[in-house]
Amino acid sequence: MKYNDKRVNALLSCVAAKFGKKTPLKVTHYITDRCNLLCDYCYAKKFQKGPAELTTQQVKDSMKEFASLGCTTWTLIGGEPLIRSDIGELIDYGQSLGMTVNLFTNATFVPQKLDQVCKADNVFMSLDGNKEIHDSIRGKGSYDAVVKAIDLIGEKGKHVILNCVVSKESYPYIDKLSDFAKQKGCFINFNPTYNLGPGSDKFMLSLDEITQATETIKRLKKDNPHVISSIGTFERSVALTSGKVTKYQKHCLAGMLYLALSPSGEVGPCFVRLAENGWASGVKEGWYNAFTKIGDMSKCTCDVHCFYDLNELFGLNLKAITKAAFNLANDKGIYA
Ligand code: SF4
Ligand code: SF4
């Protein structure tokens with residue numbers, strides 16, 4: 001399948017979703033809950049429902065079935081995916097089915113697994129701030145691991161996409177982090193903090209802080225093409241913090257056009273809900289059956305931003321589509 005075919009098929013699936021037809025366009029696969037780090041706000045442990053992770057063959061089976069149903073993008077995330085020994089093989093397999101395969105990593109195993117990492121279409125890494133902030137959240141040496149991984153991947157001619165959660169600690173460093181991304185030839189995607197329950201309060205920004213961060217990102221997005229953040233997400237976060245809206249999502253399309261897979265193969269709509277019990281197992285019930293058992297999530301709401309742009313774009317919001325087309329044409333990252 002060519003990239004343009006994928007876009008046309010994705011568009012048709014979005015139209016079909018308006019009439020209630022489900023297509024698993026995007027799969028986010030929490031392939032393991034194991035990780036060598038112990039970050040303050042880690043949520044990975046919430047996803048493991050059974051004692052075992054899917055085997056390589058089971059993952060391939062799920063990829064094959066979802067690809068045949070229209071999946072265009074498979075994202076491997078954890079835990080730390082590189083803890084598994086089969087990531088390169090799975091990336092190859094997913095791509096052979098015509099899918100874009102993305103990889104999230106905390107960077108620490110990149111030197112040993114560089115060839116496998118560079119197979120991914122897009123490599124994502126978290127950067128929580130400057131060295132002091134990043135190491136305080138993720139452990140000593142983890143910032144240097146990110147810098148080293150960026151350099152190694154860069155030497156192979158690939159660009160890393162950095163994800164930075166804008167927290168109380170990191171928001172004064174947005175300018176510096178953007179300069180860092182430019183200097184290293186990376187893209188950087190800033191995201192607002194959201195409430196993941198106990199412990200996350202200390203990261204949340206006040207209304208003044210999130211407003212200031214939003215203005216900074218708006219300015220940077222004009223001046224620095226390496227900043228690919230969504231302004232819409234930040235504006236929604238300002239509205240949420242000021243009490244003008246109470247939830248991020250409206251008419252959520254999770255479970256209709258995208259899904260989340262747990263390490264042991266449960267099929268849920270998104271990472272927020274996957275942490276709950278009761279999702280059907282793709283291993284026991286078949287991948288498509290498990291996907292169809294996700295109920296209608298269109299009335300579901302949450303204060304997590306990750307799906308905001310997807311819901312706008314895949315919900316065929318004209319403003320979102322126009323801005324995405326403009327941004328793509330200008331190499332600015334897809335989101336408005
Ligand atoms: S690197 Fe990711 S998976 Fe590992 S502990 Fe940190 S947040 Fe959790
Ligand atoms: S509204 Fe939020 S919690 Fe509900 S399905 Fe969508 S992303 Fe998941």
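How many residues surround ligand 2, and which are the closest? In this predicted model, 13 residues surround ligand 2, and the closest are Cys-252, Cys-270, Val-272, Cys-300 and Cys-302. Sorted by class, the shell around ligand 2 has ten nonpolar, two polar and one charged residues.

Around ligand 1 lie Cys-35, Leu-37, Leu-38, Cys-39, Cys-42, Ala-44, Gly-78, Gly-79, Glu-80, Asn-106 and Arg-138, and by class this shell has six nonpolar, three polar and two charged residues.

| Helix pair | Residues | Angle | Axis separation |
|---|---|---|---|
| H2 and H3 | H2 56–68, H3 87–96 | about 20° | 10 Å |
| H7 and H8 | H7 174–184, H8 207–223 | about 30° | 10 Å |

Helices H2 and H3 pack at an angle of about 20°, which makes H2 roughly parallel to H3, and H2 passes H3 in a right-handed crossing. On the H2 side, Thr-56, Val-59, Lys-60 and Met-63 meet Glu-89, Leu-90, Tyr-93 and Gly-94 of H3; by class, the contact of H2 with H3 has four nonpolar, two polar and two charged residues.

Helices H7 and H8 pack at an angle of about 30°, and they are therefore roughly parallel to each other, with a right-handed crossing of H7 and H8. Their contact is made by Ile-174, Asp-175 and Ser-178 from H7, together with Ala-213, Thr-216, Ile-217 and Leu-220 from H8, and by class the contact of H7 with H8 has four nonpolar, two polar and one charged residues.

Terms used:
Residues are numbered from 1 along each chain as its sequence is written. Chains are lettered from A and ligands numbered from 1 in the order in which they are written. This is a predicted model: local features need pLDDT of at least 70, side-chain atom pairs count only at pLDDT 80 or more; totals for chains, interfaces and linings use all residues. A residue is near a molecule or strand if its C-beta atom, placed from the backbone, lies within 6 Å of it. Ala, Val, Leu, Ile, Met, Phe, Trp, Tyr, Cys and Pro count as nonpolar, Asp, Glu, Lys and Arg as charged, and the others, Gly among them, as polar. Axes are lines fitted to C-alpha atoms, for helices over the stretch in contact, and angles run from 0 to 180 degrees between N-to-C directions. Helices (H or I, at least four residues) and strands (E, at least two) are DSSP runs, numbered from the N terminus. Angles under 35 degrees count as roughly parallel, over 145 as roughly antiparallel, 65 to 115 as roughly perpendicular and the rest as oblique. A crossing is left-handed if the near helix is turned anticlockwise from the far one by less than a right angle, and right-handed if clockwise. Two residues are in contact if their C-beta atoms, placed from the backbone, lie within 7 Å.
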